[in-house]
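Here's a quick briefing to read alongside the model. Have the sequence open and the viewer ready.

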Amino acid sequence: MMNAETMIARSEVAATAQAPVLLEVSGLQARYGKVEALHGAALTVRAGQIVTVIGPNGAGKSTLLNAIMGALPVNAAANGRVAWLGHDVASLDVEERVARGLSLVPEKRELFATMTVEDNLQLGAYKRRRNGEANYMDQIDTVYDLFPRLLERRKQAAGTLSGGERQMLAVGRALMAKPQLLMLDEPSLGLAPLITKEILGIIAKLRETGVATLLVEQNARAALQVADYGYVLEMGELVKEGAADALAADPKIVESYLGLAKR
Ligand SMILES: Nc1ncnc2c1ncn2[C@@H]1O[C@H](COP(=O)(O)OP(=O)(O)OP(=O)(O)O)[C@@H](O)[C@H]1O
């Protein structure tokens with residue numbers, strides 16, 4: 001029987017299924033020399049959703065995020081399309097996509113180790129500052145509310161943070177650009193299960209503030225727990241999609257991705 005909490009969660013999913021489309025990707029292809037890393041990937045993220053892409057090592061998950069962000073060229077000749085808020089953004093570079101509301105936290109967190117937490121956060125707002133936005137630091141209170149640990153450590157050098165704190169800082173820095181869609185590449189990588197849970201819990205909180213997330217994860221169990229909708233990527237192809245709770249109950253997904261030790 002459904003309890004009240006489940007019913008609320010389900011009705012929220014139903015509501016987000018009607019929400020406006022933020023990102024629509026279709027026909028994406030990417031290759032590295034002879035390796036075809038993506039063939040024809042297609043996915044949709046709606047406002048207020050957490051969408052996850054799960055899949056094994058080398059499936060093409062990072063490639064997918066990099067292609068969406070503009071760090072890899074999209075093969076337009078093969079009908080590859082990345083539409084953001086209804087507009088094709090294939091001709092825009094990474095910075096222009098950031099300015100339009102897309103933000104990526106790459107797998108390698110790429111912080112400035114000798115700079116303080118706060119200076120790293122400020123760098124996340126660099127583009128807004130350069131564009132002359134007077135209130136370019138307006139997200140810092142939101143970041144500190146979401147990650148009180150970063151507030152406590154704001155004068156500490158980023159290189160001295162723990163792994164979990166570094167991931168928090170990487171996410172916080174991306175939020176300084178005020179994205180509408182946050183893309184996260186393996187936020188659980190190298191982190192203890194409890195810290196992973198904490199970080200994914202914060203992503204769920206972020207949804208309440210209206211920021212959507214596209215979450216790439218090998219930790220399928222944790223990802224499907226927090227997501228509304230999911231896709232399974234295998235060998236460069238999206239082979240399955242569905243509501244996250246339906247995927248988590250799918251025997252094939254359970255066998256391939258959820259069957260063994262709880263992570
Ligand atoms: N710069 C590169 N040069 C050559 N091949 C690459 C490059 N980057 C990725 N690949 C190959 O493309 C395929 C997809 O890689 P990708 O990193 O996107 O997978 P992934 O699903 O993110 O894997 P992981 O979970 O291990 O990070 C792999 O076979 C990988 O070896």
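Where is the place of Lys252? Look in helix H12, which spans residues 251-258. Bear in mind that this is a predicted model.

**The chain as a whole**

- Of the 263 residues in the protein chain, 42% are buried.
- Take the contacts between residues at least 6 apart in sequence: 70% of them join residues at least 24 apart.

**Around the ligand**

- The residues around the ligand are Tyr32, Val35, Ala37, Gly55, Asn57, Gly58, Ala59, Gly60, Lys61, Ser62, Thr63 and Gln218.
- Two elements give two or more residues to this shell, namely strand S2 (35-46) and helix H2 (61-69).
- H2 gives the most, with three residues.
- By type, the shell divides into four nonpolar residues, seven polar and one charged.

**Helix H9**

- H9 runs over residues 193-208, so to speak a stretch of 16 residues, and reaches 23 Å from its first C-alpha to its last, close to the 22 Å expected at 1.5 Å a residue.
- Its buried residues are Thr196, Ile199, Leu200, Ile203 and Arg207. They sit on the same side of H9, because they cover an arc of only 105 degrees around the axis.
- As background, residues three or four places apart in an α-helix point the same way, because there are 3.6 residues a turn.
- What do the buried residues of H9 pack against? Their partners are strand S3 (50-54), helix H8 (163-175), strand S8 (212-217) and helix H10 (220-226).
- Turn to the face of H9 that points away from the buried side and you'll find the exposed residues Leu194, Lys205 and Glu208.
- Just after H9, Gly210 takes a positive phi of about 95 degrees.

**Helix H4**

- In H4 (residues 117-124), the buried residues are Val117, Glu118, Asn120, Leu121 and Gly124. Seen down the axis, they fall within an arc of 160 degrees, so they line one face of the helix.
- The cover over the buried residues of H4 includes helix H6 (140-146), helix H7 (148-152) and H8.

**Glu186, a buried loop residue**

- Glu186 has its place in the loop between strand S7 (181-185) and H9.
- Is Glu186 buried or exposed? Glu186 counts as buried, because it has 21 C-beta neighbours inside 10 Å.
- Leaving out residues up to four places away in sequence, Glu186 touches Glu107, Val216, Glu217 and Gln218.
- With Val216, the sequence gap is 30 residues, while the C-alpha atoms are 5.5 Å apart in space.

- Lys178 is not a glycine, yet has a positive phi of about 60 degrees. You'll find Lys178 in the loop between H8 and S7, where Lys178 is buried, with 20 other C-beta atoms within 10 Å.
- Met235 isn't a glycine either, and has a positive phi of about 45 degrees. Met235 lies in the loop between strand S9 (229-234) and strand S10 (237-243), and counts as partly exposed, with 14 C-beta neighbours inside 10 Å.

- Lys252 and Ala125 are 127 residues apart along the chain, and their C-alpha atoms are separated by 43 Å.
- Arg129 has its place in helix H5 (residues 126-130) and is partly exposed, with 14 other C-beta atoms within 10 Å. Arg129 and Ala177 are 48 residues apart in sequence, with 9.7 Å between them in space, C-alpha to C-alpha.

Notes:
Residues are numbered from 1 along each chain as its sequence is written. This is a predicted model: local features need pLDDT of at least 70, side-chain atom pairs count only at pLDDT 80 or more; totals for chains, interfaces and linings use all residues. Helices (H or I, at least four residues) and strands (E, at least two) are DSSP runs, numbered from the N terminus. The expected span of a helix is 1.5 Å times one less than its number of residues. A residue is buried if 20 or more other C-beta atoms lie within 10 Å of its own, exposed if 12 or fewer, and partly exposed in between; C-beta atoms are placed from the backbone. The arc is that of the directions from the helix axis to the C-beta atoms. Two residues are in contact if their C-beta atoms, placed from the backbone, lie within 7 Å. A residue is near a molecule or strand if its C-beta atom, placed from the backbone, lies within 6 Å of it. Ala, Val, Leu, Ile, Met, Phe, Trp, Tyr, Cys and Pro count as nonpolar, Asp, Glu, Lys and Arg as charged, and the others, Gly among them, as polar.
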